[in-house]
Amino acid sequence: MNLTIMLILLIGLVVSAVVCAMLSDLLKAAIALAATSAILSVILFIVGAPLAAVFELSVCAGMITVVFISACSMNRTRTHEEYVKWQKERNRRFVLLPAILFALAAIMVMVLRPHITDIEPVLAVANGSGVQ
């Protein structure tokens, strides 16, 4: 019974992997990849690797599939005018980003500066050049 289930799962794994590689529609290929990962996680549970199975199921079948499907949904053909408009809108949204990052870095330096001077004697003792 166990050998029959394992054989069915292995055949299903190969078939779903081949289907995933042969599909031309990216959305269907992402779903086939999730099915392949789900079958592989069942196989890993059966062979006694539950941590690998949970990782495979959560990361590969879950997160990677969501990333692929979201990337497929954002991908569409744009005309040149649509692209220029999108680029201008994107640049307008991110124009303040360098200033915000610089301000956050300056705030972090001001907050951490007193603690950085406290670390220097510890580093000197760790290096063997501290006060005797």
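What covers the buried residues of α2? The cover includes α1 (2-22) and α3 (50-74), where buried means under 20% relative accessible area, exposed over 50% and partly exposed in between, computed with a 1.4 Å probe on protein chains only.

The model is predicted, so that local features need pLDDT of at least 70 and side-chain atom pairs count only at pLDDT 80 or more, whereas totals for chains, interfaces and linings use all residues. Residues are numbered from 1 along each chain as its sequence is written, and side-chain values use heavy atoms, with hydrogens and water left out.

**Overall composition**

The protein chain holds five helices and zero strands, and along the sequence it reads α-α-α-α-α; helices (H or I, at least four residues) and strands (E, at least two) are DSSP runs numbered from the N terminus. Of the 132 residues in the protein chain, 14% are buried. Where contact means heavy atoms within 4.5 Å, 47% of the contacts between residues at least 6 apart in sequence join residues at least 24 apart.

**Helix α2 and its neighbours**

Helix α2 spans residues 26-47, 22 residues in total, and reaches 31 Å from its first C-alpha to its last, close to the 32 Å expected at 1.5 Å a residue, the expected span being 1.5 Å times one less than the number of residues. Its buried residues are A29, A30, A32, A34, T36, S37, S41, I43 and L44. Just after α2, G48 takes a positive phi of about 95°.

Two packed helices are described by the angle between their axes and the distance between the axes. Here axes are lines fitted to C-alpha atoms, for helices over the stretch in contact, and angles run from 0 to 180 degrees between N-to-C directions.

| Helix pair | Packing angle | Axis distance |
|---|---|---|
| α1 and α2 | about 155° | 9 Å |
| α2 and α3 | about 175° | 8 Å |

The angle of about 155° between α1 and α2 makes α1 roughly antiparallel to α2, and α2 and α3 are likewise roughly antiparallel to each other; angles under 35 degrees count as roughly parallel, over 145 as roughly antiparallel, 65 to 115 as roughly perpendicular and the rest as oblique. By class, the contact of α2 with α3 has 21 nonpolar, three polar and one charged residues, with Ala, Val, Leu, Ile, Met, Phe, Trp, Tyr, Cys and Pro counted as nonpolar, Asp, Glu, Lys and Arg as charged, and the others, Gly among them, as polar.

α1 passes α2 in a left-handed crossing, meaning that the near helix is turned anticlockwise from the far one by less than a right angle, whereas clockwise would be right-handed. The residues making this contact include I5, L9 and S16 of α1 and A32, T36 and I39 of α2, and by class the contact of α1 with α2 has 18 nonpolar, four polar and no charged residues.

**Two individual residues**

S16, in helix α1, is buried with a relative accessible area of 11%. Not counting residues up to four places away in sequence, S16 touches A32, A35, T36 and I39.

E82 lies in helix α4 (residues 80-93) and, at 34% relative accessibility, counts as partly exposed. With residues up to four places away in sequence again left out, E82 touches R76 and T77.
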